[in-house]
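Welcome, and please open your viewer. We will go from stop to stop, with something to select at each one.

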Amino acid sequence: MDRNLRDRALLGLIHGRRSVRHFDNGPVKRQAITRILEAGRLAPSGSNRQPWRYIVVEDPALKQAIRTECERIEARFHQRAPAELASWMNAHGITAQKPFLEEAPYLIVAYYRRREPYAVPSIWVSIAFMLLQVEQEGLGTLTYTPVGARLNTLLCVPASFQLTAILPIGVPADYRHQDRLALSEIANANRFGEPFDEGGGPDGISSVERAEQTQCPQN
Ligand SMILES: Cc1cc2nc3c(=O)[nH]c(=O)nc-3n(C[C@H](O)[C@H](O)[C@H](O)COP(=O)(O)O)c2cc1C
């Protein structure tokens, strides 16, 4: 596949991805989980320290225990959530109940090693790579961040590692489309507030490039 087509295929994948909070009991091949982990393994990291460690949980009793602990902290979180966030969560059907932690055949529990340089941004790049591979596999997941959940003892993880996220992985049962800001709202050219020219003209070049071309007597 030529590079242009490959890039477009990647963007198509990115367009198609959604957070999935309900899974049906369709099968998930173990090799798919291996490839998802492989995508995370190959991510770039600060000083190439690769601070991430992943635990694949498929044992139903462990998944149930993870759900119990997460729902414990979620109950507190939902009680104390600021009004605006509470109403957003309400509108999106997000409650303190986390059935996806048992519905999904696999959970990838993501930890990073504390005190590594750039550990937090690094693990998030690795997680992002995995999100894309989940989509490539035709599966669904959610970036679930149970802040304050205590899972280290349950999963025998040393205290030097910090829980970051749980990715439940399975066959999507339903999902919702979330809007995004337009490119014109997030992209600036050279300075904040200057619109970025998307190069949408017939030749696909930007107005800056065009101006340079017309200024240059050789063109
Ligand atoms: C860093 C991060 C943390 C998130 N934490 C949660 C979470 O704890 N619970 C949840 O239901 N969704 C969580 N999400 C999912 C977002 O709500 C979701 O990505 C966003 O609403 C956009 O929807 P989409 O993923 O379907 O495009 C998180 C996403 C990110 C990137």
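**Before you click**

This is a predicted model, in which local features need pLDDT of at least 70 and side-chain atom pairs count only at pLDDT 80 or more, while totals for chains, interfaces and linings use all residues. Residue numbers start from 1 along each chain as its sequence is written.

**Stop 1: the whole protein**

Show the cartoon and you will find eight helices and five strands. These elements are DSSP runs numbered from the N terminus, with helices being H or I of at least four residues and strands E of at least two. Starting at the N terminus, their order is α-β-α-β-α-α-α-β-α-β-β-α-α. Of the 219 residues, 22% are buried. Here, buried means that 20 or more other C-beta atoms lie within 10 Å of the residue's own, exposed means 12 or fewer, and partly exposed is in between, with C-beta atoms placed from the backbone.

**Stop 2: the nonpolar core**

Now select L107, I108, A110 and I169, the residues with the most contacts inside the largest nonpolar core, which has 31 residues. Such a core is a set of buried Ala, Val, Leu, Ile, Met, Phe, Trp, Tyr and Cys residues joined through C-beta atoms within 7 Å. Elements giving two or more residues to this core include β1 (20-24), α5 (100-103) and β5. The largest share, seven residues, is from β3. In soluble globular proteins, nonpolar side chains tend to be buried together.

Which residues does L107 touch, leaving aside neighbours within four places in sequence? They are V57, K63, I66, L101, I166, L167 and P168, where contact means that two C-beta atoms, placed from the backbone, lie within 7 Å.

**Stop 3: helix α2**

Select residues 30-41. Colour I33, I36 and G40, the buried residues of α2. Seen down the axis, they fall within an arc of 60°, so they line one face of the helix. That arc is taken from the directions from the helix axis to the C-beta atoms. Q31 and T34 are exposed on the face turned away from the buried side. The buried residues of α2 pack against β2 (52-57), β3 (106-113), α6 (119-136) and β5 (161-175).

**Stop 4**

Next, pick S47 and N48. S47 lies in the loop between α2 and β2, and N48 is placed in the loop between α2 and β2 as well. S47 has a positive phi of about 55° although it is not a glycine, and phi of N48 is near 55°. S47 counts as exposed because it has 10 C-beta neighbours inside 10 Å; N48 counts as exposed with 7.

**Stop 5: helix α6**

Among the buried residues of α6 are A119, I123, I127 and V134. Their packing partners include β4 (140-141). Just after α6, look for G138, with a positive phi of about 75°.

**Stop 6: the ligand**

Finally, select R18, S19, I94, L142, T143, Y144, T145 and Q178, which surround the ligand. A residue is near a molecule if its C-beta atom, placed from the backbone, lies within 6 Å of it. This shell divides into three nonpolar, four polar and one charged residue. In that count, Ala, Val, Leu, Ile, Met, Phe, Trp, Tyr, Cys and Pro are nonpolar, Asp, Glu, Lys and Arg are charged, and the others, Gly among them, are polar.
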